[in-house]
Amino acid sequence: RSLMGKPQVQEKALERLIMSLTEDAVNYLRREVYKRFFALAPAGQDYFKQSTTRLYWIADKIVEMTIEMYREPKKMVEDISALGLRHVGYAIPTEFFAPFVSGAVEVVRTMTTDENAEDA
């Protein structure tokens with residue numbers, strides 16, 4: 001699919017989705033991201049020994065960074081690169097990245113029928 005002109009549409013769709021989330025929906029998103037990730041990559045549980053509060057903060061940060069990719073793409077490239085380097089420093093296997101992202105995308109797809117929000 002061509003992305004020409006789509007970033008603005010996707011940003012607005014993503015913003016609508018985020019703003020429409022109830023507290024229950026946010027908590028569902030927080031829980032399900034990890035549930036799906038651990039189903040896709042069970043060994044990933046060994047790297048998430050933090051408190052539930054910390055895990056929820058990480059999930060919230062993912063949502064925040066997703067919308068920021070549209071608003072400040074250059075800054076986010078730097079931030080995500082720095083985050084990746086920190087994970088390398090923590091010896092987190094890179095093969096966990098794809099199932100983590102896939103799990104998060106699956107969760108979003110259960111929460112919306114807006115194709116533009118899903119693509120975002």
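The structure holds nine salt bridges, a salt bridge being a side-chain nitrogen of Lys or Arg within 4 Å of a carboxyl oxygen of Asp or Glu. Before I take some of them in turn, a word on the source. This is a predicted model, in which local features need pLDDT of at least 70 and side-chain atom pairs count only at pLDDT 80 or more, while totals for chains, interfaces and linings use all residues. Residues are numbered from 1 along each chain as its sequence is written, and side-chain values use heavy atoms, with hydrogens and water left out.

Let me begin with Arg71. Its side chain meets that of Glu11 in a salt bridge, at 3.6 Å from N to O. Glu11 lies in helix H1 (residues 6-20) and Arg71 in helix H3, so this pair ties together parts that are 60 residues apart in sequence. Helices here are DSSP runs of H or I with at least four residues, numbered from the N terminus. Arg71 also forms a salt bridge with Glu68, where the closest N and O atoms are 3.7 Å apart. Those two residues both lie in H3, three residues apart, about one turn of the helix. Glu11, Glu15, Glu68 and Arg71 are linked in a network of salt bridges. Arg71 is partly exposed, at a relative accessible area of 41%; the classes are buried under 20%, exposed over 50% and partly exposed in between, with a 1.4 Å probe and protein chains only.

A further pair within H3 is Glu64 and Lys61, three residues apart. Their side chains meet in a salt bridge at 3.2 Å, N to O. Glu64 is partly exposed at 41% relative accessible area, and Lys61 counts as partly exposed at 29%. As background, an α-helix has 3.6 residues a turn, so residues three or four places apart point the same way.

I turn now to helix H5. H5 covers residues 97-111, 15 residues in total, and reaches 22 Å from its first C-alpha to its last, close to the 21 Å expected at 1.5 Å a residue; the expected span is 1.5 Å times one less than the number of residues. Which residues of H5 are buried? They are Pro99, Phe100, Gly103, Ala104 and Val107. Seen down the axis of H5, these buried residues fall within an arc of 135°, so they line one face of the helix. The arc is taken over the directions from the helix axis to the C-beta atoms. The buried residues of H5 pack against helix H2 (23-40) and helix H3 (52-71), with contact meaning heavy atoms within 4.5 Å.
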